[in-house]
Amino acid sequence: MSKQTSTGRITVPEIAARKGGEPLVTLTAYTAPMAKLLDPHCELLLVGDSLGNVIYGFDSTLPVTLDMMIHHTGAVMRGSERACVITDMPFGSYEESPEVAFRNAARIVAETGAAGVKLEGGVEMAPTIRFLVNRGIPVMGHVGLRPQNVNVMGGFKAQGRKRADWDAIIADARAVEDAGAFAIVLEGVAEPLAAHLTEELKIVTIGIGASASCDGQILVTDDLLGMFEFTPKFVKRYAELGSIIGEAVKAYAEDVRARRFPGEAQTYKMRD
Ligand code: KIV
């Protein structure tokens, strides 16, 4: 278990210090009540731009705005007290220049209290990562399958399944580390490559559909809870909340239609 600061939260240096240690438990969170449920079990909560799919019903993360990320990060901060909270920089908020990235990342940190930001990209984003870190904003990198790059990649495909593709991914990960990131997400990276990167890099690797040897794991919480009919192949569903909710709402609908709800216990009585 990591030490905590006077704010009670696990810090970025404590996350970074977990390299090669007990694997980090990390999940996505977008709302206060869910953050409260996850907080006792996770060292890090990511306010992922996957909220575009999960909360807003978009078919990609591209329409997600900075304001959405700020509102949801505020909710996650209010719902949690222990986990280190990191926020995704949404598409269009950081690619243009290091200066634009700093302005937007500073808004996230100043307006929400998040400990840092995550951004997608490798070699091409290294100057931006360095710019942010040198100005006091911790950065988590994200290489391999990059959902914000979906139109360039032509879909969501696992990365590094051919040896010929390894060099570019290794160069991206090294560039992110050299630029000063404290951790890196390896998404959809073939198992042996993710294991190799975890061995080679000095920063903590957080795998998603990658390798059990990563320094930590992350999943979209709603996927592991079984909230959707479809879940990606790499997700293990630990619950079937989608069916449980469906059953509960069906029972409520039956009660309403049969005038069994509200019953005696759910109605207010008159007072004189
Ligand atoms: O947006 C997100 O939730 C993510 C994680 C799945 C790594 O980037």
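Visitor: At what angle do helix α4 and α5 pack?
Guide: Helix α4 (residues 66–79) and α5 pack at an angle of about 30°, and their axes are 9 Å apart. Axes are lines fitted to C-alpha atoms, for helices over the stretch in contact, and angles run from 0 to 180 degrees between N-to-C directions. Helices here are DSSP runs (H or I, at least four residues), as are strands (E, at least two), numbered from the N terminus.

Visitor: So is α4 roughly parallel or oblique to α5?
Guide: The angle makes α4 roughly parallel to α5. Angles under 35 degrees count as roughly parallel, over 145 as roughly antiparallel, 65 to 115 as roughly perpendicular and the rest as oblique. This is a predicted model, in which local features need pLDDT of at least 70 and side-chain atom pairs count only at pLDDT 80 or more, while totals for chains, interfaces and linings use all residues. Residues are numbered from 1 along each chain as its sequence is written, and side-chain values use heavy atoms, with hydrogens and water left out.

Visitor: In which kind of crossing does α4 pass α5?
Guide: It is a right-handed crossing. A crossing is right-handed if the near helix is turned clockwise from the far one by less than a right angle, and left-handed if anticlockwise.

Visitor: And what about α5 and α6?
Guide: Helix α5 (residues 98–112) packs against helix α6 (residues 126–134) at about 45°, with the axes 9 Å apart. That angle makes α5 oblique to α6. The crossing of α5 over α6 is right-handed.

Visitor: Switching to charges. How many salt bridges are there?
Guide: A search of the whole structure finds 13. A salt bridge is a side-chain nitrogen of Lys or Arg within 4 Å of a carboxyl oxygen of Asp or Glu. One of them joins the side chains of E43 and R18, at 3.8 Å from N to O.

Visitor: Where do E43 and R18 sit?
Guide: E43 is in the loop between α2 (32–38) and β2 (44–47), and R18 is in the loop between α1 (12–16) and β1 (24–28). The pair links distant parts of the chain, 25 residues apart.

Visitor: Is E43 buried or exposed?
Guide: E43 counts as buried because its relative accessibility is 8%. R18 is buried too, at 11%. Buried means under 20% relative accessible area, exposed over 50%, and partly exposed in between (1.4 Å probe, protein chains only).

Visitor: Which residues make the nonpolar surface patch?
Guide: M227, F228, I245 and V249 make a patch of about 310 Å². Patches are made of residues with over 30% relative accessible area and no salt bridge; like charges are joined within 9 Å, and nonpolar side chains (Val, Leu, Ile, Met, Phe, Trp, Tyr) within 5 Å. Accessible areas come from the Shrake-Rupley method with a 1.4 Å probe, and for residues only the protein chains shown count as cover. V249 lies in helix α11 (residues 241–257) and is partly exposed at 48%.

Visitor: Last one. How far apart in space are A194 and A210?
Guide: They are 5.9 Å apart, C-alpha to C-alpha, and 16 residues apart in sequence. A194 is in helix α9 and is buried, at 0%. K202 and L219, 17 residues apart along the chain, have C-alpha atoms separated by 22 Å.
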